[in-house]
Amino acid sequence: MLRYAVNQDKTNDFTTGRFLSMNSADLDFDQEHIWHPYTSMISPLPCIGVVSANGIKLTLHDGRELIDGMSSWWSTIHGYNNQRLNNAAKDQIDKMSHVMFGGITHPSAVALSRRLIDMTAPALDRVFISDSGSVAVEVAMKMALQYWVAKGQMQKTKMLTVEHGYHGDTFAAMSVCDPINGMHELFTGVLNKQLFAKAPQIGFNQTWSNDDIEPLEQLFIAHHQDAAAMIIEPIVQGAGGMRIYHPNYLTAVRQLCDKYDVLLICDEIATGFGRTGKLFAYEHSDIVPDILCLGKALTGGYMSLAATLTTKDIAQEICRTKAGVFMHGPTFMGNPLACAVANESLAILQEGHWQLQVANIERQLKQEFGAFNALNCVQDVRVLGAIGVIELKQAVDMASIQQAFVAQGVWVRPFGKLVYIMPPYIITNDELTELTNAIYQVVSAL
Ligand SMILES: Cc1ncc(COP(=O)(O)O)c(C=O)c1O
């Protein structure tokens, strides 16, 4: 006898494991027992039940449909229930869902890595496939550290970065997240102390001034001897504030890294695969990172997979330590199922329709978000590629605003003062207008 009664709803078939619906008992169970991202176990907010998804729409347990403005946190760029991605998964699952990657390789990992090397800058031709964005960042930071060990520069252990960054929730990643909004205070004494400069202040389309890079340059001057790498989200700082900065800033970062012999890690986990209007955001600045982190949209949002790319020289140097190898190897590294779906997702991108789709979204967001500037509660409106951000003057009440969005038929999940969207690239003009109108209804009522 199971301790917790199984949902009695006849549309759920517990014996086959197929759960086709949810009732209020399921939602209550969820609220009491299951952790969601950043939730309380004392006073958790209720979740909405989603039982299926198709195209850009989520279907709720009660039959309502929501337009998804979030692409499930930047990932489902080709939409849900995409036939090509479904088929890629089905084909692969019939052959081999998983096999260990130690001493074994398989066609999906090879095909995916070929595409990643083709799509990124030519110098980035060594690929480490891992499980999630945070792990890709851990891997990138470890690569940088091991590189300097190999070079006999054992003192180069620090990371340089900027405020308002977000790089994930594991410990090395947390150490380079924003020191105020991140988890530094909570884990004081546990997190490695890294070196932060003021975040870039000049926006993407504003007039550039070299003053913007000055604080970071001072940090390089003071600490480059101890710095293994500079880690930054190119052009768009995501979860740390949805800040869109000037391409010259990133160009200057590259120059500082070259001048002071510090590796450059670009974290494109959110921005990669077309989201900012370029395939990779570092292209806005015409630079090439030494190490590149990718994730989220890599599988078109189908499952968790990430990759860290670097150059041949860095990869080989890393392996000149006493260990003779790069010291990392997760159990599910190069998982065939995830690689097969990622390979198909990249094939869709390589056909090139994303460029028009993202350009159209950008044009329309610029037009339709213009109206928000006139609202008293709005501090700033920013658009780049398929990203639209409305920064409010005050933080939102999450519980009530979430309900208001659902009542309007859209899925938008703000944080703090930020109401933002990054819809699937396949959204139509009419659907996008529906989404922006719904946001206007909610925000104008604040
Ligand atoms: C820029 C950036 N880096 C790293 C991560 C962590 O990725 P994951 O949540 O897959 O661990 C995120 C997730 O939001 C991110 O936006």
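Trainee: What distance separates the centres of domain 1 and domain 2?

Mentor: 27 Å, taken over C-alpha atoms. Keep in mind that this is a predicted model.

Trainee: Which residues belong to which domain?

Mentor: Domain 1 is 48-81 + 355-444. Domain 2 is 84-350.

Trainee: How many residues does the contact take from domain 1 and from domain 2?

Mentor: Domain 1 puts in 22 residues, and domain 2 puts in 18 residues.

Trainee: On the side of domain 1 that touches domain 2, which element gives the most?

Mentor: α2, with four residues. Other elements giving two or more include α11 (353-369), β15 (378-384) and β16 (387-392).

Trainee: And how does that side of domain 1 split by class?

Mentor: It has 13 nonpolar, seven polar and two charged residues.

Trainee: Back to β15 and β16. In what sense do they pair?

Mentor: Antiparallel, over six bridges. Val378 has Leu392 in β16 as its bridge partner. The two strands form a hairpin with two residues between them. In the turn, Gly385 has a positive phi of about 55°.

Trainee: New topic. In the largest nonpolar core, which residues touch the most other members?

Mentor: Ala144, Ala229 and Ile265, out of 125 residues. Helix α5 (residues 133-150) gives the most to this core, with 12 residues.

Trainee: Where does this core lie relative to domain 1 and domain 2?

Mentor: Both domains give residues to this core, so it lies between them.

Trainee: What does Ala229 touch?

Mentor: Leaving out residues up to four places away in sequence, its contacts include Met141, Ala144, Met159 and Ile265.

Technical notes
Residues are numbered from 1 along each chain as its sequence is written. This is a predicted model: local features need pLDDT of at least 70, side-chain atom pairs count only at pLDDT 80 or more; totals for chains, interfaces and linings use all residues. Domain bounds come from an automatic or database domain assignment. Two residues are in contact if their C-beta atoms, placed from the backbone, lie within 7 Å. Ala, Val, Leu, Ile, Met, Phe, Trp, Tyr, Cys and Pro count as nonpolar, Asp, Glu, Lys and Arg as charged, and the others, Gly among them, as polar. Two strands pair if DSSP finds at least two bridges between them. A nonpolar core is a set of buried Ala, Val, Leu, Ile, Met, Phe, Trp, Tyr and Cys residues joined through C-beta atoms within 7 Å. A residue is buried if 20 or more other C-beta atoms lie within 10 Å of its own, exposed if 12 or fewer, and partly exposed in between; C-beta atoms are placed from the backbone.
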